[in-house]
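Dear colleague,

Please find below the structure that I am handing over to you. My notes on what was found in it follow directly after.

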Amino acid sequence: MRPDHDALLQLIRQHRPDFVYERVNPALYEGQFSTVLIVDDEWIFRFPKSAGAAADLARELEILPRLQGKLPLPIPEPLWHAADVEAGGLLFLGYRPLPGEPLLREKFAELQGEEGILETVAQDLARFLQRLHVIAPADIGLAPSGESAKDEWTRIGEEIREKLFPYMRADARADVASKFRAALNDADLWHVDERLIHGDFGTGNILYRDGRISGIIDFGFCGVGDPAHDLGALLASYGETFVERVFRHYPALRAGWPRARFYQSNYALIQALYALRDGDEAEFEDGISAYR
């Protein structure tokens, strides 16, 4: 059952009785992992939809304060939260909204032909990623991942085979298995210099206003990993022509291009895996539909 305003507000009041408000936005915004409530037009509260999403939100609360002042674009500053003591995740996370709106594909399409704006946007995103990728994980209290990129994708391939193949038609299973085999057997593909990455650098988490990128949100997948994950998300979001613009301002990112293409080709299946974890039927169908 979807939560309603009263239930979400009651959760806030129960755990943070010091939070005072006057008005709640009548709309609830549904993402894959969180329900979003806007209060007094100056607070955003995110409520995780599952135990897994609650753990991701707890990671965000851990990392965001440590990144404050280290990046060239605004990021959320958590000011309200409550923990689920038994499960170890968060019940909610609250912060002031950043300026701008998500640079969704529809809005990005409106920018085509605006060469100056596109170049500025590419530069903004390149500067953000470049700065993020050079932050030493130890400086913000993060340890190495303990899993190489190749090992990570070997594990993901096994999860796809075990959990998603039963829902996929035979030729789709064969195609996915062949692509994973080819990628994992290509030793040259997996020369990875792990860095601090955003981990979900797609359209919904990139904010835009007046010809500039105005902020970056949703750091639940931020951690130590392959920068090609961030590149793959940009590729999936805005296409190769735009990514070439980003390379002009962050040339070293091009080294991850072959892995980014492989990652990007599997994002729908990753979506389906998370949806299966969280019991989200709509997101699962959206991710698996092309493979049915």
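**Loop residues with positive phi**

At 21% relative accessibility, Asp 218 counts as partly exposed, a term for values between buried (under 20% relative accessible area) and exposed (over 50%), with a 1.4 Å probe and protein chains only. The model is a predicted one, in which local features need pLDDT of at least 70 and side-chain atom pairs count only at pLDDT 80 or more, while totals for chains, interfaces and linings use all residues. Residues are numbered from 1 along each chain as its sequence is written, and side-chain values use heavy atoms, with hydrogens and water left out.

Asp 218 sits in the loop between strand 9 (212–216) and strand 10 (223–225); helices (H or I, at least four residues) and strands (E, at least two) are DSSP runs, numbered from the N terminus. Its phi is near 60°, a positive value in a residue other than glycine. Most residues other than glycine have a negative phi. Asp 41 also has a positive phi, of about 55°, although it is not a glycine. This residue belongs to the loop between strand 2 (34–39) and strand 3 (43–48), and Asp 41 is partly exposed, with a relative accessible area of 48%.

**Arg 209**

Arg 209 lies in strand 8 (residues 206–209) and, at 46% relative accessibility, counts as partly exposed. Neighbours within four places in sequence aside, Arg 209 is in contact (heavy atoms within 4.5 Å) with Pro 99, Gly 100 and Ser 214.

**Helices**

The axes of helix 7 (residues 228–238) and helix 8 (residues 240–249) come within 7 Å and cross at roughly 135°. Axes are lines fitted to C-alpha atoms, for helices over the stretch in contact, and angles run from 0 to 180 degrees between N-to-C directions. Helix 7 and helix 8 are therefore oblique to each other, since angles under 35 degrees count as roughly parallel, over 145 as roughly antiparallel, 65 to 115 as roughly perpendicular and the rest as oblique. Helix 7 contributes Leu 231, Leu 234, Leu 235 and Tyr 238 to the contact, and helix 8 contributes Glu 240, Phe 242, Val 243, Val 246 and Phe 247. By class, these residues are eight nonpolar, no polar and one charged; Ala, Val, Leu, Ile, Met, Phe, Trp, Tyr, Cys and Pro count as nonpolar, Asp, Glu, Lys and Arg as charged, and the others, Gly among them, as polar.

In helix 9 (residues 257–265), the residues Trp 257, Arg 259, Ala 260, Phe 262 and Tyr 263 are buried. Their cover includes helix 5, helix 6, helix 7, helix 8 and helix 10 (267–278).

**Cavity and pocket**

The whole structure was searched, and one cavity of 30 Å³ or more was found. On a 1 Å grid over the protein atoms alone, a cavity is a set of points where a 1.4 Å probe fits but cannot get out, and a pocket is an open set with protein on both sides within 12 Å along at least five of seven lines; lining residues have an atom within 4 Å of a point. Grid points are joined across faces, edges and corners, and a volume is the space filled by probe spheres set on the points.

The largest cavity has a volume of about 40 Å³. Its lining consists of Gly 157, Ile 160, Arg 161, Phe 165, Val 176, Ala 177 and Phe 180.

The second largest pocket has a volume of about 230 Å³.

Yours sincerely
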